[in-house]
Amino acid sequence: QVQLAESGGGWAQPGGSLRLSCAASGFTFADSKMGWYRQAPGAEREFVAGIWQDGTTHYAPSVKGRFTISRDNNMNTVWLQMDSLKSEDTAVYYCTGAKLLEYWGQGTLVVVSS
């Protein structure tokens, strides 16, 4: 019954922008941490950004200042605004959530290239 549905992935040029969305259902969104991880081909999955129940945000050093995570508890949705994209941002991006970040979406592919 738990669902995390990512959308908004695609292709962008270096320096461009994309906005990812994650629609959640099946758990109490407002009481849950939400976040984004990513995994490039042949690499380990890595933390990108998180937003806690009180709105506190956390970012990986590699994306800080370029990416912004936000949430709307009435919409059960979390977003990742990605600006100033770099080639190294290319990866499958996964939405995660709940009190222990125990739920995961299927992922959405982001490709940054010229």
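Here are some friendly notes on a predicted model, point by point.

1. Ground rules. In this predicted model, local features need pLDDT of at least 70 and side-chain atom pairs count only at pLDDT 80 or more, while totals for chains, interfaces and linings use all residues. Residues are numbered from 1 along each chain as its sequence is written, and side-chain values use heavy atoms, with hydrogens and water left out.

2. Where Asp-89 sits. Strands here are DSSP runs of E with at least two residues, and they are numbered from the N terminus. Asp-89 is buried, with a relative accessible area of 0%; buried means under 20%, exposed over 50%, and partly exposed in between, using a 1.4 Å probe and protein chains only.

3. Two arginine partners. The Asp-89 side chain makes a polar contact with the side chain of Arg-38 at 2.9 Å, and another, at 2.7 Å, with the side chain of Arg-66. A polar contact is a pair of N or O atoms within 3.5 Å; within protein, one must be able to donate a hydrogen and the other to accept it, and residues adjacent in sequence count only if both atoms are side-chain atoms.

4. Setting aside neighbours within four places in sequence, Asp-89 is in contact (heavy atoms within 4.5 Å) with Arg-38, Val-63, Arg-66, Phe-67, Ser-84, Val-110 and Val-112.

5. Ser-84, from that list. Ser-84 lies in the loop between strand 8 and strand 9. Ser-84 is not a glycine, yet its phi is positive, at about 50°. Ser-84 is partly exposed, with a relative accessible area of 41%.

6. Asn-76 belongs to the loop between strand 7 (67-72) and strand 8, and is partly exposed at 26% relative accessible area.

7. Strand 4 and its partners. Strand 4 (residues 33-39) pairs with strand 9 in the antiparallel sense over 7 bridges; pairing requires that DSSP finds at least two bridges between the strands. Lys-33 has Ala-98 as its bridge partner in strand 9. Strand 4 also runs antiparallel to strand 5 (residues 46-51), joined by 5 bridges, and Gly-35 has Gly-50 as its bridge partner there.

8. The hairpin. Strands 4 and 5 form a hairpin with 6 residues between them, and Gly-42 in the turn has a positive phi of about 75°.

How values were computed
Helix = DSSP H or I, 4+ residues; strand = E, 2+ residues; numbered from the N terminus.
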